[in-house]
Amino acid sequence: MDAGAAGVGLAAAAADDPFKGSPFAAVSDWSYGISRRYQHVLDRTTPHVLYRWLACLGVALVYVIRVYLVQGFYVVSYGLGIYILNLLIGFLSPQVDPEIHDLASDGPSLPTRGSDEFRPFVRRLPEFKFWYSIAKAFCIAFVMTFFSAFDVPVFWPILLFYWVVLFVLTMRRQIVHMIKYKYVPFSFGKQRYDGRKASSSSTETAGLLPRD
């Protein structure tokens with residue numbers, strides 16, 4: 001009786017999954033395996049910051065050479081530049097805007113004085129996502145250069161001038177925001193706590209204690 005019930009259960013499960021054993025299921029399993037391997041490779045590259053950015057620089061150089069050789073696809077390059085500028089703003093901005101945070105609550109904010117408690121800078125766009133988005137954008141733009149539909153004729157110096165003006169104005173606004181709320185989006189020169197500092201401070205404290 002148990003064997004019969006088990007057989008009925010397997011038959012019901014097979015009936016509930018009509019795509020089991022079909023080509024659609026095989027393609028789905030194959031794509032899932034590929035995505036897992038791809039994610040595993042990305043996870044292994046996370047600590048190698050320098051090598052990741054060198055590889056990204058190589059991809060960008062290949063794209064620049066491609067555009068230079070074909071002498072076209074300037075609209076694609078302009079769109080790529082606007083996208084990278086948008087990513088850069090997210091990379092340089094804090095996760096929570098200090099102006100909005102000050103208006104919304106009276107909770108902890110970015111330290112503005114040397115005596116304030118040190119809190120690390122949390123970016124709106126993390127470094128790994130910043131790198132990955134730029135590398136993927138260059139790869140997509142490189143593929144687009146093989147399709148003549150994206151090669152729109154345009155006077156490229158105008159696009160370059162407009163992008164430079166947009167970059168200067170955006171960076172100026174970002175710098176003014178940094179100065180106003182007194183934060184630096186980099187770790188250079190920030191206070192760090194390590195074991196040696198803690199041990200030295202404890203030694204000095206011990207030297208000040210009275211001896212019996």
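Helices here are DSSP runs of H or I spanning at least four residues, numbered from the N terminus. The model is predicted. Within this scheme, helix H3 covers residues 49-70 and contains Leu61.

An unreviewed UniProt entry lists residues 49-69, 75-93, 130-148 and 154-171 under "transmembrane region". Residues 49-69 are 100% helix and 0% strand, and their end C-alpha atoms lie 30 Å apart. Residues 130-148 are 79% helix and 0% strand, with 29 Å between the end C-alpha atoms.

A nonpolar patch lies on the surface. Leu61, Ile65, Tyr68, Leu69 and Val70 form this patch, and together they have about 530 Å² of accessible area. Leu61 has 52% relative accessibility, so this residue counts as exposed, the threshold being over 50%.

The largest nonpolar core has 26 residues. Tyr63, Leu80, Phe130, Ile134 and Phe138 touch the most other members. Two or more core residues come from each of H3, helix H4 (74-92), helix H6 (127-144) and helix H7 (156-181). Beyond its neighbours within four places in sequence, Phe130 is in contact with Trp53, Leu87, Leu88, Phe91 and Leu125.

The loop between H3 and H4 holds Gln71 and also Phe73. Most residues other than glycine have a negative phi. Gln71, not a glycine, has a positive phi of about 55°. Phe73 also has a positive phi, near 60°. Gln71 is partly exposed, at 49% relative accessible area. Phe73 counts as buried, because its relative accessibility is 5% and the cut-off for burial is under 20%.

Technical notes
Residues are numbered from 1 along each chain as its sequence is written. This is a predicted model: local features need pLDDT of at least 70, side-chain atom pairs count only at pLDDT 80 or more; totals for chains, interfaces and linings use all residues. Side-chain values use heavy atoms; hydrogens and water are left out. UniProt positions are given in the numbering used here, feature names are shortened, and annotations may be inferred rather than shown by experiment. Patches are made of residues with over 30% relative accessible area and no salt bridge: like charges are joined within 9 Å, nonpolar side chains (Val, Leu, Ile, Met, Phe, Trp, Tyr) within 5 Å. Accessible areas come from the Shrake-Rupley method with a 1.4 Å probe; for residues, only the protein chains shown count as cover. A salt bridge is a side-chain nitrogen of Lys or Arg within 4 Å of a carboxyl oxygen of Asp or Glu. Buried means under 20% relative accessible area, exposed over 50%, partly exposed in between (1.4 Å probe, protein chains only). A nonpolar core is a set of buried Ala, Val, Leu, Ile, Met, Phe, Trp, Tyr and Cys residues joined through side-chain atoms within 4.5 Å. Contact means heavy atoms within 4.5 Å.
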